[in-house]
Amino acid sequence: SWNSDGKLLTYSSYVKRRPAVFVQAMAGGSGKLVINKPGVNLTPVFRPGTSSLAVSMSHTGRTNIFLVDLAGQILKHVTNGWGIDVSPSFSPDGKQMAYMSDRGGSPQIYVMDLATGQQKRLTFGYKYCAAPDWSPRGDRIAFQAEIDGIFQICTIKPDGSGAQVLTHGYGAKEDPSWSPDGRLIAYAGRQTGRYQIYVMTSNGQPIKRLTSLPGEQTDPAWSPRGVSRPLN
């Protein structure tokens, strides 16, 4: 995940033998270790317009989402459910947060108002939903949903209405990421038998495959200006 001005990148790494969170300056140098608590420290994302991160951590015995600063200090315990809460994604104004939780019995997409703590489940009728990404226009949330046994890319309005399935056919499509202008969505697709990065329009019209490298390419993330796209 990039910060708002594109100067910092946060990610999780197993270099410390368990998932730890790092922040890397795009100007160079080594990544700074921010969170390495017992258990897992996953899916970090910058809150828009701030230097704080939302991180999924399990050091309390449950996997919940916390806000932390760049020194690793916990600022807020955001979710406090019995399920697994991961993959936070903020609205453009930073006032709401989408995330994946299995608190209802299966992984689904939820939205929380950060001021009031009010939460709402968005997705229904899917066996498994994950990887929410809030559009820069604030009007839709992209996510992956299991449909007929295969992950496809979908979008939904933040109030839970207007769900649309954008991709179809064989080969899983996962990890959607909006372009900065909200016109395009990059994703990891397995149409060739291994994951490559593809890009399509926001209404699902395919454009092209972006990568053709050895191994697997996953987890695309557009920079704020759309100049470059780090991937795993």
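# Briefing: cores, rings and a pocket

At 32% relative accessibility, Y128 counts as partly exposed. The reason is the cut-offs: buried means under 20%, exposed means over 50%, and partly exposed lies in between. This is a predicted model.

**Nonpolar cores**
- The largest nonpolar core has 16 residues, and I141 and F143 touch the most other members.
- Strand β12 provides the largest share, with four residues.
- What does I141 touch, leaving aside its neighbours within four places in sequence? The contacts of I141 are A98, V111, L122, P132, D133, W134, C154, T155, I156, P158 and W178.
- Another core of 11 residues lies apart from the largest one, and V45, A54, I65 and L67 are among its members.

**Aromatic pairs**
- How many aromatic pairs does a search of the whole structure find? The search finds five.
- One of them is Y99 with Y110, a stacked pair. The rings are 5.9 Å apart centre to centre, with 20° between the planes.
- Y99 is in strand β9 and Y110 is in strand β10, so this pair ties together parts that are 11 residues apart in sequence.
- Is Y99 buried or exposed? Y99 counts as buried because its relative accessibility is 0%.
- Y110 is buried as well, because its relative accessible area is 7%.
- Y128 and F151 also pair up. Their ring centres are 5.4 Å apart and their planes meet at 75°, so the pair is edge-to-face.
- This second pair links distant parts of the chain, 23 residues apart. Y128 sits in the loop between β11 (119–121) and β12, while F151 sits in strand β14.
- The two partners fall into separate classes: F151 is buried at 17% relative accessibility, whereas Y128 is partly exposed at 32%.

**Charges over rings**
- Which ring does the charged end of R62 sit over? The ring is that of W82, and the charged end is 4.2 Å from its centre.
- R103 lies over the face of Y110, at 5.4 Å from the ring centre. Y110 therefore has R103 over its face and also stacks with Y99, and its own relative accessible area is 7%, so Y110 counts as buried.

**Largest pocket**
- The volume of the largest pocket is about 1,500 Å³.
- The pocket is lined by 46 residues, and the closest to its centre are S1, V45, D133, P220 and A221.
- Strands β1 (8–13), β4 (41–46), β8 (85–90), β12 and β16 (173–178) each give two or more residues to the lining.

**Positive phi**
- Most residues other than glycine have a negative phi.
- A131 is not a glycine, but its phi is positive, about 55°.
- A131 lies in strand β12 and is buried, because its relative accessible area is 17%.
- D148 also has a positive phi, near 55°, without being a glycine.
- Where is D148? D148 is in the loop between β13 and β14.
- D148 is exposed because its relative accessible area is 79%.

Conventions
Residues numbered from 1 in each chain as written. Predicted model: local features only at pLDDT ≥ 70, side-chain atom pairs only at ≥ 80, totals over all residues. Heavy atoms only, no water. Core = buried A, V, L, I, M, F, W, Y, C linked by side-chain atoms within 4.5 Å. Buried < 20%, exposed > 50% of the residue type's maximum accessible area, 1.4 Å probe, protein only. Contact = heavy atoms within 4.5 Å. Phe/Tyr/Trp six-rings, centres within 6.5 Å; stacked < 30°, edge-to-face > 60°. Lys NZ or Arg CZ within 6 Å of the ring centre and 35° of its normal. 1 Å grid on protein atoms, 1.4 Å probe; cavity = no way out; pocket = protein on both sides within 12 Å on 5 of 7 lines; lining within 4 Å. Points joined across faces, edges and corners; volume = space filled by probe spheres on them.
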